[in-house]
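Below is a briefing on one protein chain. The points are grouped by topic and follow the display.

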Amino acid sequence: MAKAYNDVIDFTLGDPDVQTHQAIKDAGCAAIQQGKTRYSQNAGLIELRQTISEYYNRTDNISVDPQSEIIVTVGAMEGLFLSLLSILDPLDEVIIPAPYYVNYVQMVSLCHGVPVIVDNPNAEELSFSISDIEKAITPRTKAIIINTPSNPSGKIIASNKIKAIAEIAQRHNLVVISDEVYKCLIYDDFKFSSIVNIDGMRERTILINSLSKEFCMTGWRIGYVIAPKEVIATMTKLQENVCACAPLPSQYAAIEALSGNGRYSENMVNIFTNRRNVLFNGISKIDGLRCSIPEATFYLMVDISSTGMSSEEFAVALLQEEHVAVVPGIAYGNSCDKYIRIAFTLEEEKIREGINRINRFMNNIKK
Ligand SMILES: Cc1ncc(COP(=O)(O)O)c(C=O)c1O
């Protein structure tokens with residue numbers, strides 16, 4: 001629908017408008033010019049896996065064997081997909097707490113598993129309750145997928161909840177798939193610690209990460225998975241059948257990005273902190289809208305319940321009347337139907353224009 005207008009403020013995309021750093025682009029171009037244009041090993045270049053291992057050692061104090069515990073994938077998405085394909089038997093159940101990243105549900109189904117969505121409108125706002133997760137467990141439960149910091153909530157799952165999930169996973173012998181692609185984009189003094197750091201979790205955690213958000217490299221399609229060696233071995237076999245390997249020039253660009261010791265991504269947090277503040281301050285002043293400040297990511301969930309509209313009705317009307325595109329919250333679970341998601345992946349001027357239009361839209365509703 002948005003394509004029908006030529007002046008849309010598009011707040012839908014989780015795809016930052018910031019350019020990949022020139023040094024990373026140069027590394028990718030140099031690889032192409034030097035003829036590094038063929039397949040790599042299925043698990044990815046060993047130099048890249050070594051760089052990922054050093055990076056995790058530096059940033060998270062985790063020691064990972066590059067040979068057996070890492071695979072490079074075509075974005076985090078292929079990492080998620082191969083993880084599920086590796087661990088699921090048909091009809092195995094996977095618990096997905098809401099709000100969730102939409103693709104998890106379809107990916108589980110594509111692997112012939114059963115997505116079990118934990119989505120309770122009475123749970124903590126934009127989060128889930130541990131007792132609901134416990135209740136969802138059956139003898140067929142194989143895994144839980146968590147995403148922290150979360151798309152779309154912009155929140156970091158509280159450490160007591162992470163501990164409780166770890167305890168449940170150990171008690172019921174479950175795998176935890178932890179999607180951490182936004183751990184690079186945390187604001188203020190908020191803190192994040194991966195579930196993999198909890199005692200007894202290393203052997204049952206599949207950690208998913210990517211260069212897409214941290215280095216603004218969505219189109220380069222490089223992600224990676226850190227997991228126990230049995231899982232990585234299976235994923236590596238499947239990689240051969242699915243796409244052979246991640247694109248080789250992008251793998252060379254990724255080595256440059258990850259070995260930059262933070263210098264290629266340090267600006268990201270500043271840029272997005274500023275945009276988050278502009279958006280949050282603007283939206284919170286609009287009568288009838290409610291939101292809390294994102295702790296991380298580039299998403300703001302806005303409570304539109306005062307309008308009495310469903311999230312889809314709101315999003316369609318906002319697009320038709322003001323040419324502003326947002327994602328209806330229903331995409332992230334039924335309990336999110338009272339929200340819209342705004343991605344602040346646009347420059348400040350467009351964000352300000354979007355706020356003005358949303359303000360006018362809300363004023364017109366009241367008339
Ligand atoms: C939670 C989450 N996981 C994974 C992805 C996909 O990342 P990639 O580009 O690395 O495939 C996204 C992209 O928006 C995301 O929001």
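Directly after helix H10, His 323 has a positive phi of about 55°. The model is a predicted one, in which local features need pLDDT of at least 70, side-chain atom pairs count only at pLDDT 80 or more, and totals for chains, interfaces and linings use all residues. Residues are numbered from 1 along each chain as its sequence is written. Helices (H or I, at least four residues) and strands (E, at least two) are DSSP runs, numbered from the N terminus.

**Helix H10**

- H10 covers residues 311–322, 12 residues in total, and reaches 16 Å from its first C-alpha to its last, close to the 16 Å expected at 1.5 Å a residue. The expected span is 1.5 Å times one less than the number of residues in the helix.
- Ser 311, Phe 314, Ala 315, Leu 318, Leu 319 and Glu 322 are the buried residues of H10. Buried stands for 20 or more other C-beta atoms within 10 Å of a residue's own, exposed for 12 or fewer, and partly exposed for values in between, with C-beta atoms placed from the backbone.
- The arc is that of the directions from the helix axis to the C-beta atoms.
- An α-helix has 3.6 residues a turn, so residues three or four places apart point the same way.
- The packing partners of the buried residues of H10 are strand S10 (324–325), strand S11 (327–328), strand S12 (339–343) and helix H11 (348–366).

**Helix H7**

- H7 (residues 229–242) has 14 residues and a reach of 20 Å from its first C-alpha to its last, close to the 20 Å expected at 1.5 Å a residue.
- Val 231, Ile 232, Met 235 and Gln 239 are buried in H7. Their directions fall within an arc of 90° seen down the axis of H7, so they line one face of the helix.
- Exposed residues Glu 230, Lys 237, Glu 240 and Asn 241 sit on the face of H7 turned away from its buried side.
- Strand S2 (70–73), H3, strand S7 (205–210) and strand S8 (223–226) are what the buried residues of H7 pack against.
- Just after H7, Ala 244 takes a positive phi of about 70°.

**Domains**

- The domain assignment gives domain 1 (2–19 + 265–361) and domain 2 (23–258). Such bounds come from an automatic or database domain assignment.
- The centres of domain 1 and domain 2, taken over C-alpha atoms, are 26 Å apart.
- Contact between the domains involves 26 residues of domain 1 and 27 residues of domain 2. Two residues are in contact if their C-beta atoms, placed from the backbone, lie within 7 Å.
- On the side of domain 1 that touches domain 2, helix H9 (266–284) and strand S9 (299–303) each supply at least two residues. H9 gives the most to that side, with 5 residues.
- The residues of that side of domain 1 divide into 14 nonpolar, 8 polar and 4 charged. Ala, Val, Leu, Ile, Met, Phe, Trp, Tyr, Cys and Pro count as nonpolar, Asp, Glu, Lys and Arg as charged, and the others, Gly among them, as polar.

**Ligand shell**

- The ligand is surrounded by 13 residues, and the closest are Gly 75, Ala 76, Met 77, Ser 210 and Ser 212. A residue is near a molecule if its C-beta atom, placed from the backbone, lies within 6 Å of it.
- Helix H3 (residues 75–87) gives the most to this shell, with 3 residues.
- The shell residues divide into 4 nonpolar, 8 polar and 1 charged.

**Loop between H8 and H9**

- Ser 259 is placed in the loop between H8 and H9, and counts as partly exposed with 17 C-beta neighbours inside 10 Å.
- Ser 259 and Glu 54 are 205 residues apart in sequence and 8.4 Å apart in space, C-alpha to C-alpha.
- Gly 262 lies in the loop between helix H8 (248–258) and H9, and is exposed, with 12 other C-beta atoms within 10 Å.

**Cis peptides and positive phi**

- Ala 98 and Pro 99 are joined by a cis peptide bond with omega about -5°. Pro 99 is in the loop between strand S3 (93–97) and helix H4 (103–110).
- The peptide bond from Thr 148 to Pro 149 is also cis, with omega near -10°.
- Asn 61, a residue other than glycine, has a positive phi near 60°. Asn 61 counts as exposed, with 8 C-beta neighbours inside 10 Å.
- Arg 221 is not a glycine but has a positive phi of about 60°. Arg 221 lies in the loop between S7 and S8.
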